[in-house]
Amino acid sequence: PTPPPPPPPPPPPFPTRRSSDLNSENFAVSTYNNYNFSSLAKINGSYYGVQEDGVYLLEGTTDSGQYIDAVIRSAKMEFGTSNLKSVTQAYIGFRGDSEPVLKIVTDEAYETWYLNSDYRTDLHTERVRLAKGTIGRYWQFELVMDTSTIMELDSVELFPIVLKRKV
């Protein structure tokens with residue numbers, strides 16, 4: 001006789017929800033992962049989330065004791081030309097209480113991470129020197145602060161060098 005088939009796999013854990021909102025002034029989209037709320041509200045300057053079991057005040061710097069990762073991702077950029085580009089430096093104006101990490105993705109394939117270990121908690125501008133050999137047509141930037149309780153982004157300045165080649 002043949003052995004019985006194995007039991008079916010267990011059901012997936014509680015489904016993860018993703019919530020998004022749109023800034024009507026600049027059309028920026030914010031996405032929140034693991035945000036299991038059916039609706040959100042701002043009342044008297046405080047934010048609330050609604051779930052099946054109640055209404056929750058959204059405050060504090062942790063979620064169940066874990067820091068909340070802050071990630072800001074740009075759109076894919078061509079800098080106004082289809083030619084290949086190199087970006088050798090970036091200036092980031094921000095306030096935070098942890099080390100910012102800058103991630104760069106070129107042509108949706110090549111990923112480079114830069115850790116800036118010299119940070120301050122006041123609003124200031126940091127220069128990040130990028131690898132000179134990185135080239136690509138499409139550039140995307142991501143600023144990550146994973147142990148931060150404060151993150152305020154003021155500005156990001158990028159200085160592309162346009163190359164003569166298109167391929």
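Predicted model: local features only at pLDDT ≥ 70, side-chain atom pairs only at ≥ 80, totals over all residues.
Reader: Where is Asp-107 found, and what is its phi?

Author: Most residues other than glycine have a negative phi. Asp-107, although it is not a glycine, has a positive phi of about 50 degrees, and it is found in the loop between strand 10 (101–106) and strand 11 (110–115). Strands (E, at least two residues) and helices (H or I, at least four residues) are DSSP runs, numbered from the N terminus. Phe-79 also has a positive phi, of about 55 degrees, and is not a glycine either; its place is in the loop between strand 8 (70–73) and strand 9. With a relative accessible area of 27%, Phe-79 is partly exposed.

Reader: Which residues are in contact with Thr-106, leaving aside its neighbours within four places in sequence?

Author: Contact means heavy atoms within 4.5 Å. Thr-106 lies in strand 10 and counts as buried, at 1% relative accessibility. With neighbours within four places in sequence left aside, Thr-106 is in contact with Thr-134, Ile-135, Gly-136, Tyr-138 and Trp-139.

Reader: How many residues apart in sequence are Phe-159 and Val-87?

Author: They are 72 residues apart in sequence, yet their C-alpha atoms are 5.8 Å apart in space. Phe-159 lies in strand 14 (residues 151–162) and is partly exposed, at a relative accessible area of 38%. Beyond its neighbours within four places in sequence, Phe-159 is in contact with Ser-86, Val-87, Thr-88, Gln-89 and Tyr-91. For the protein chain, 64% of the contacts between residues at least 6 apart in sequence join residues at least 24 apart.

Reader: How many bridges join strand 9 to strand 12?

Author: Two strands pair if DSSP finds at least two bridges between them. Here strand 9 (residues 85–96) and strand 12 run antiparallel and are joined by 6 bridges, and the bridge partner of Phe-94 in strand 12 is His-124. Strand 12 (residues 124–129) has a covered face made of His-124, Glu-126 and Val-128, whereas Thr-125, Arg-127 and Arg-129 form the uncovered one.

Reader: How many helices and strands does the protein chain have, and why is it described as more spread out than a compact globule?

Author: The secondary structure of the protein chain comes to 0 helices and 14 strands. The radius of gyration is taken over C-alpha atoms, and the globule rule is 2.2 Å times the number of residues to the power 0.38. For 167 residues the rule gives 15 Å, and the radius of gyration of the protein chain is 21 Å, well over that value, so the chain is more spread out than a compact globule. Taken along the principal axes, its C-alpha atoms fill a box of roughly 65 × 65 × 35 Å, and buried residues make up 23% of the 167 residues.

Definitions and conventions
Residues numbered from 1 in each chain as written. Heavy atoms only, no water. Buried < 20%, exposed > 50% of the residue type's maximum accessible area, 1.4 Å probe, protein only.
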